[in-house]
Amino acid sequence: MLSSPTLASNLIGELFEQTSSQHRLLVLDMGYPSPTTVKFFNQYKCRLNFLDLINPEFLSACPTEADHSVLVDYFRAGLDIQPEVIIDICLFWDFFNYLDGTLIKAFIEALQPYVAEHTRGFGLGALNSRCQLPNSRYGLMAEDKLTQCPQTEPQRPVFPHSQRDLNSHFDYFEINKSRLMSDGRVEYLITRCNQSERAIKPIF
């Protein structure tokens with residue numbers, strides 16, 4: 001059971017540090033169409049793409065035993081993004097917690113054509129396998145506040161990932177910053193990685 005319908009965030013505001021009021025944002029939201037998210041982005045020139053790939057139909061049909069290239073094609077078809085579109089902000093929410101490492105790598109490769117150097121993402125995870133991940137849907141209320149509400153569907157199997165594991169799966173992305181939240185969850189600011197700095201960057 002969720003303790004509160006809202007959740008304070010220390011990092012999600014950093015998604016907007018490099019945005020310009022004159023630039024039309026393209027936002028990919030990997031969750032359901034939250035009214036609070038729509039209301040929040042009304043202050044920007046933007047296009048919102050909601051894409052709930054955690055839905056049971058999509059993940060249940062995923063050919064998990066297939067070769068990597070087949071998985072990449074499956075996720076790219078699910079993304080259904082037009083060629084030459086570049087995403088500015090990715091709201092991953094808790095999406096990566098429902099994929100194992102093999103599927104994360106395939107999804108990240110499928111997303112790559114639509115990612116630029118300035119693309120930033122936001123994610124949520126559990127600190128470790130002992131921390132329960134709520135079965136929630138999320139929205140963006142303010143630059144320091146999220147909304148959360150219970151999922152109507154049963155929770156899918158959860159794959160806990162350490163920050164080190166996620167960085168190894170992310171390829172061209174990396175966790176730039178992470179913060180422990182009040183209930184034991186972790187929030188992540190995700191950016192394009194600098195390979196020369198990655199080897200010396202401290203973990204968590």
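The model is predicted: local features need pLDDT of at least 70, side-chain atom pairs count only at pLDDT 80 or more, and totals for chains, interfaces and linings use all residues. Residues are numbered from 1 along each chain as its sequence is written, and side-chain values use heavy atoms, with hydrogens and water left out. Helices (H or I, at least four residues) and strands (E, at least two) are DSSP runs, numbered from the N terminus.

**Helix 3**

- Helix 3 spans residues 68–79, which makes 12 residues. From first C-alpha to last it reaches 16 Å, close to the 16 Å expected at 1.5 Å a residue. The expected span is 1.5 Å times one less than the number of residues.
- Which residues of helix 3 are buried? They are Leu71, Val72, Phe75, Gly78 and Leu79. Buried means under 20% relative accessible area, exposed means over 50%, and partly exposed lies in between (1.4 Å probe, protein chains only).
- The arc is that of the directions from the helix axis to the C-beta atoms.
- An α-helix has 3.6 residues a turn, so residues three or four places apart point the same way.
- The cover over the buried residues of helix 3 includes strand 2 (25–29), helix 2 (56–60) and helix 4 (101–111).
- Asp80 follows helix 3 and has a positive phi, near 50°.

**Helix 5**

- Gln163, Leu166, Asn167, His169 and Phe170 are the buried residues of helix 5. Seen down the axis, they fall within an arc of 165°, so they line one face of helix 5.
- Asp171 comes after helix 5, and its phi is positive, near 60°.

**The nonpolar cores**

- A nonpolar core is a set of buried Ala, Val, Leu, Ile, Met, Phe, Trp, Tyr and Cys residues joined through side-chain atoms within 4.5 Å.
- The largest core has 40 residues. Phe75, Phe96, Phe107 and Leu111 touch the most other members.
- Several elements each supply at least two residues of this core, among them strand 2, helix 3, helix 5 and strand 8 (173–180). Which helix gives the most? Helix 4 does, with 7 residues.
- Leu111 touches Leu28, Leu79, Ile87, Cys90, Phe92, Tyr172 and Phe173, leaving out residues up to four places away in sequence. Contact means heavy atoms within 4.5 Å.
- A second, separate core holds 20 residues, including Leu7, Phe40, Leu91 and Trp93.
- In soluble globular proteins, nonpolar side chains tend to be buried together.

**Strand pairs**

- Two strands pair if DSSP finds at least two bridges between them.
- Strand 2 and strand 3 (residues 46–50) run parallel, joined by 5 bridges. Leu26 stands opposite Arg47 in strand 3.
- The chain goes from strand 2 through helix 1 to strand 3 in a right-handed β-α-β crossover. Right-handed means that, with the strands pointing away from the viewer, the path from the first strand over the helix to the second runs clockwise.
- Strand 8 and strand 9 run antiparallel, joined by 7 bridges. Arg179 faces Glu187 in strand 9.
- The hairpin of strand 8 and strand 9 has 4 residues between the strands. Gly184 in this hairpin takes a positive phi near 100°.

- Phe40 lies in helix 1 (residues 35–41). Phe40 is buried, with a relative accessible area of 6%.
- Beyond its neighbours within four places in sequence, Phe40 is in contact with Phe16, Leu140, Met141, Ala142 and Glu143.
- Ser34 is in the loop between strand 2 and helix 1. Is Ser34 buried or exposed? Ser34 counts as buried, at 1% relative accessibility.
- Ser34 touches Phe50, Tyr138, Gly139 and Thr147, not counting residues up to four places away in sequence.

**Positive phi at Glu84 and Trp93**

- Most residues other than glycine have a negative phi, and most peptide bonds are trans.
- Glu84 has a positive phi, near 75°. Glu84 is in the loop between helix 3 and strand 4, and counts as exposed at 78% relative accessibility.
- Trp93 also has a positive phi, near 50°. Trp93 is in strand 4, and counts as buried at 2% relative accessibility.
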